[in-house]
Amino acid sequence: MMKKLEELVRPNIWRLKPYSSARDEYSGHEAHVFLDANENPFNTTVNRYPDPLQRDLKQVIAKVKNVAAEQIFLGNGSDEAIDLCYRCFTEPGKDNVVAIEPTYGMYRVCADINDVEYRAVLMNERFEMNASDMLDACDEHTKLIWICTPNNPSGNSINSAEILTILDTFPGIVVVDEAYGDFTQKPSFRTLLNRYPNLIVLNTMSKAWGAAAIRMGMAFASKDIIDIFNKVKYPYNVNQLTQNKALELLKDPFQTHQWVRMLIQERNRVIVAFQQLPLCVKVYPTDANFFLAEVNDAQAIYNYLMENGIIVRNRNRVAMCGNCLRITVGTRNENNELLGALRKY
Ligand SMILES: *Cc1c(COP(=O)(O)O)cnc(C)c1O
């Protein structure tokens, strides 16, 4: 059972009266003379402040993602939502968070920035999460649990039954980061929002939607949680150019589906070829647009590829990833260049 939201939110944030921007105070589209925000009347298309709540964009995302618009937070990348989780729910120097290990590095960086204790719980050698290990790491000061699925850098999906056990048992907030969810057939945890008031699901346009440059991150949660994010975020956190581009991309989800299909097919082809390389020790199962591979000498292969103008991610020093490279699936030509270089290694 989830604690009352008031017990989970930082007391100063619970009491916070948000800044009210000019564009917050007027709502409705009847007005046509805007003399309220000290904007320049010239240079139209970018002279006006953007909608602080990105209402038009949320209407479209609500349809694509099948959630209510009031269950959506949009931010400057998922990274903004990750940081907001800390700033809204954790008291620096007092609270802690629990996360699977290894996982996405930003959860720890944001914990460190916010002076919040980060408790990393090692998964087993197949990168499987055990719910009771996670719950055992919690105490009365644990506000958040971080679960990334499919997980970065391992690539595998985390067992849904284990995640559900945590959602059912943990009295704090559970964040499920589905940055790579668009690459799997598995149902999104978004579909369980109405059942779990302690659930936050993250998503992004940086991966399957092919738009890392526009910085468009999404969080889905109860209206009560979204309202708290909205009062803490910068007033104009998503700029107009990003909102325009996101709207344009979301109008053509078919393009994204084609990219995803093609990338998965490419991924499977590259993995088969990679496994035949003498330098390959093993490739871990993946549900994402990348794979984690154990090789005989990660640092040497990483350096060799770099000398050939090919950059992969060396995860050699990450927990449980000794001698592992994380390799993103590129175009067919890029992947062939990688394989060609490795065959000559
Ligand atoms: C790439 C990635 C993101 C996306 O971050 P953005 O700030 O939206 O670009 C989020 N979570 C994980 C686990 C990722 O790998």
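This is a predicted model: local features need pLDDT of at least 70, side-chain atom pairs count only at pLDDT 80 or more; totals for chains, interfaces and linings use all residues.

Analyst: A residue is called buried when its relative accessible area is under 20%, exposed when over 50%, and partly exposed in between (1.4 Å probe, protein chains only).

Numbering starts from 1 along each chain as its sequence is written, and side-chain values use heavy atoms, with hydrogens and water left out.

Let's stay with the cysteines for a moment, as they lead us to our part. The structure has 0 disulfides (pairs of cysteine sulfur atoms within 2.5 Å). For Cys110, which is in no disulfide, the nearest cysteine sulfur belongs to Cys85 and is 9.2 Å away. Cys280 is in no disulfide either, and its nearest cysteine sulfur, 9.9 Å away, is that of Cys324. With a relative accessible area of 14%, Cys280 is buried as well.

Now to the part I would like to show you: an open sheet of 4 strands, ordered E8-E9-E11-E10, with antiparallel pairing. Strands (E, at least two residues) and helices (H or I, at least four) are DSSP runs, numbered from the N terminus, and two strands pair if DSSP finds at least two bridges between them. Who stands at the edges? Strand E8 (280-283) and strand E10 (313-314) do; each has a single partner strand, so one side of each is left without a neighbour in the sheet.

Next, look at E9 and E11. Strand E9 covers residues 290-295, strand E11 covers residues 324-328, and the two pair in the antiparallel sense over 5 bridges. You can follow this pairing residue by residue: Phe290 has Thr328 in E11 as its bridge partner, and Ala293 has Leu325 in E11 as its partner. Strand E11 is mostly covered, with 4 of its 5 residues buried.

E11 also pairs with E10, again in the antiparallel sense, over 2 bridges. Here Arg313 stands opposite Arg326 in E11.

The loop between E10 and E11 holds Met320. Its phi is near 65 degrees, a positive value in a residue other than glycine. At 29% relative accessibility, Met320 counts as partly exposed.

Helix H11 (residues 253-275) lies across E8, E9 and E11 and runs at about 5 degrees to E9. Helix H12 (residues 298-307) lies across E9, E10 and E11, and its angle to E11 is about 35 degrees. Contact here means heavy atoms within 4.5 Å; the axes are lines fitted to C-alpha atoms, for helices over the stretch in contact, and angles run from 0 to 180 degrees between N-to-C directions.

To put the picture together, trace E8, E9, E11 and E10 in that order, then find H11 across E8, E9 and E11 and H12 across E9, E10 and E11.
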